[in-house]
Amino acid sequence: MAKWIRRGLLALLLLLAVIVLTAWWLMRGSLPRLDGELALNGLSAPVTVQRDALGVVTIDAASQLDAMRALGYVHAQERFFEMDLLRRTAAGELAEVFGPIAIDTDKQHRIHRFRARVDANLDGILGTHRNEMQAYVDGVNAGLRDLKVRPWPYLLMRTQPEPWQLSDSPLVAYAMYFDLQDGENARELALWKLRPHLPPALFKLLTHDGSRWDAPLTGGPRGDAPLPLADEVDLRKLPWPRRPSDAPAMPRVIGSNNFAVSGELTRDGRAIVADDMHLGLRAPNIWFRARLRYPDARAPDGKVDVSGFTLPGFPFTVVGSNTHVAWAFTNSYVDTLDWAVQSICGTKADSSCVPSVHHRERIDVAGAKPVDFDVEETAWGPVMKHDAQGRALALRWVAHLPGSFNLNLGEIARARTLAEATAVIRNVAIPTQNMLVADSRGAIGWRWLGPIPVRGAACDAQQPIEFTGNASECPPWAISTSVAPLLMPNQGRLWTANNRVVGDEVLKIAGDGGSTLGARAKQIRDDLFAKRQFTERDLLAVQLDDRALFLQPWWQLLRDEAGESPAMQELAHAASEWQGRASTDSVSYRIVRAWRTAVSDRVLDGLTGPAEVALGKDFVLPGLQQQESFVWPLVTQRPPHLLSPRYDNWNALLEDAAREVRDGLKKQGPLAKRTWGERNTAKICHPLARALPAFARGTLCMPFEPLPGDVAMPRVQAPDFGASERMVVAPGHEADGIIHMPGGQSGHPLSPFWGAGHDDWVHGRPTPFLPGEVRYSLVLRPAGR
């Protein structure tokens, strides 16, 4: 018997070995070829594709079309699955790959009908760039075909990749619209629902649009919110829920930093621009580093030499430098969405109702039957919801309209000066950004880049338009990319960090779509004004600034108020050593941050309680990005009429918050060992990591290591969110530039470029902006030659 058992175990081990070797062989088969020569149909001349140790690609081509074809080829071989996810996300087609689990997500996105909109407006999207896009698409499909085995994620999911189409690249842009703008317009809807159920003075307090932390480029700070008097608001006399709200939180704010110094602040007159775009982090990174070089009669010196970050799916550099001009983005948070409350006409129409049309959408589902999905639209936009009276809530979004995306950003590769770059920007349509530009002459400038609603005088951007048939009501608005002004520097410095950037005169052009608290922007601004001369390393130091200036007053408040309150005493003792940074070893930072959050939650629960009672299950707590502007005055001034009725006094509220934090942290161990790094540990993984058994998931993740930084400081960092890139560069001095990218270049875990450069990003080590020494060289030759 033992003999047969041994033979059975041996057979099993051999079978497992065969399975592992087969899987390894298939995985290896989906790796791109890095050296040698390959034929690529459609090229006019040979193209060289070089890679350095990090996998950064340099493409040398004889023409722009050849460069675009080669870039598409490389993108497909390194990142096709990630490109596929982006197009499917925008189109609402994920269930076709992932099955029933993705149906609800597809419905949320399919209601916007982006594939149909792209197909209807494709000529306008492509404009004069159809040939470049076709070359890119052909390169993508050639790169996919040339892999010996289809990309490994499709092996895991047992499906085949679909070829890339001309309409797919615009869908990648609309996936970024979902990332950068709230396609549900949830914040504005939640505020609209709250408003009738709160005293006017209380609603005004909650929606105060600035704070003492404001740091705009133009106009002054708003300052903290003035607190209403007891005869205006008295929470003790208003209804309040017996239990704290468990309403879901608003989606987190997507943000970025960019800043620049002009030539008057550098030793040799160079202008320097810095950029770190904050997004959800994954392996591989969303961006792909590339340098493109090719002759171009319309470019300076008759050639293009552009380096920076590309987005797989797009045939151009998103941010970077072309040796004459460098450019950088942050999300603008201008107001790009508006609700309309409309009665839909039935069989009989009159002036008080609006007609609608219905579109039948079909969601294909892997392993299950297709799901038919009805989308209703009015002239305002798709009907997203209905109110309590049965009226339609239709959404107008910049992204829905013709002109919301085009390929004109690629033209900046030829710009020589700030003025030329500005001329290009006026005609670029992508999700609206704060764009900073620096040129090789030392000039810098700021401008909104992208489409902005052109609202009529009767339109209120902060309130849904209630349609009654009155001719004076707000008509469906159009969009424009050319209405924003160009702002020049304030004493040689410019900065944006998703905050309110401009004063009211400029802000009224585009409205406020939920700009963030100015603490991060203020810290960047103050860093820039702390020095008179800068180098690239100085700007990198600003990007890596993790000083906790925002929480310093809260740490002091905790110490001052501990008194004889047991929980606050324990927290204050454990946080007695204030490092003043969001460093990985800081216990005090973690405790003070958690206590402030718990206090703010209790304050908001009290202020929104009357609305929660009225709305019941329909209550949603809106994203209040400026809440510090009223929370801090409340906890320091402590007016009894604005205290949550759950508490006898303000000290009880502070102690209750401390008790929650203390008890929660103690469950993990002694308070003195609860560091920020323990809480802020990287979880940067491939999208399919969860499909693997728990013991194997780490193979598709970056190292699970503690990360410094947080959201209210320049070094923005969460476990799976933060700087998707860092770039510091002076046009014309790219050799002195600095760059970081988490997650690596390749989407293949067996690639030498999987996670390459990630450790430098974690630890903030300066690494060169330009590609390094060539490690691999591939020549793509025209087919048949």
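Me: Which residues of α8 are buried?
Reply: This is a predicted model, and buried here means under 20% relative accessible area. Twelve of the 13 residues of α8 are buried, so the helix is largely enclosed by the rest of the structure. The buried ones are Asp 168, Ser 169, Pro 170, Leu 171, Val 172, Ala 173, Tyr 174, Ala 175, Met 176, Tyr 177, Phe 178 and Leu 180.

Me: How many Å does helix α8 reach from its first C-alpha to its last?
Reply: Helix α8 covers residues 168-180, which is 13 residues. At 1.5 Å a residue the expected reach is 18 Å, and the value in the model is close to that, at 19 Å.

Me: Which residues have the most contacts inside the largest nonpolar core?
Reply: In soluble globular proteins, nonpolar side chains tend to be buried together. The largest nonpolar core in this model has 166 residues. Helix α2 (residues 64-91) gives the most to this core, with 14 residues. A second, separate core has 63 residues, including Leu 517 and Trp 578; in the largest core, the residues with the most contacts are Trp 287 and Phe 329.

Me: What is the N to O distance in the salt bridge between Arg 88 and Asp 84?
Reply: Side chains of opposite charge can pair when their charged atoms come close. Arg 88 and Asp 84 both lie in helix α2, four residues apart, about one turn of the helix, and both are buried. Their side chains meet in a salt bridge with an N to O distance of 2.9 Å.

Me: Which residues are linked with Arg 88 in a network of salt bridges?
Reply: The search of the whole structure finds 52 salt bridges. The pair of Arg 88 and Asp 84 belongs to a network of them. Linked with Arg 88 in that network are Asp 84, Arg 87, Glu 93, Glu 96, Arg 115 and Asp 168.

Me: How many residues apart are Asp 338 and Arg 455?
Reply: The side chains of Asp 338 and Arg 455 meet in a salt bridge, 2.7 Å from N to O. The pair links distant parts of the chain, with Asp 338 in strand β10 and Arg 455 in the loop between β17 and β18; they are 117 residues apart.

Me: Is Asp 338 buried or exposed?
Reply: The cut-off for buried is under 20% relative accessible area. Asp 338 has a relative accessible area of 0%, so it is buried.

Me: Which strands stand at the edges of the open sheet of four strands?
Reply: The order in this sheet is β13-β14-β10-β18, with mixed pairing. An edge strand has a single partner strand, so one side of it is left without a neighbour in the sheet. The strands at the edges are β13 (383-386) and β18 (465-466).

Me: Which residue in β14 is the bridge partner of Leu 337?
Reply: Strands β10 (residues 337-342) and β14 (residues 392-397) run antiparallel and are joined by six bridges. In β14, the partner of Leu 337 is Trp 397.

Me: Which residues point the other way from Arg 493 and Trp 495 in strand β20?
Reply: In a regular strand the side chains alternate between the two faces of the sheet. Strand β20 covers residues 493-496, and Arg 493 and Trp 495 point one way. The residues pointing the other way, buried like these two, are Leu 494 and Thr 496.

Key. Residues numbered from 1 in each chain as written. Predicted model: local features only at pLDDT ≥ 70, side-chain atom pairs only at ≥ 80, totals over all residues. Heavy atoms only, no water. Pairing = 2+ DSSP bridges. Core = buried A, V, L, I, M, F, W, Y, C linked by side-chain atoms within 4.5 Å. Buried < 20%, exposed > 50% of the residue type's maximum accessible area, 1.4 Å probe, protein only. Expected span 1.5 Å × (residues − 1). Salt bridge = Lys/Arg side-chain N within 4 Å of Asp/Glu carboxyl O.
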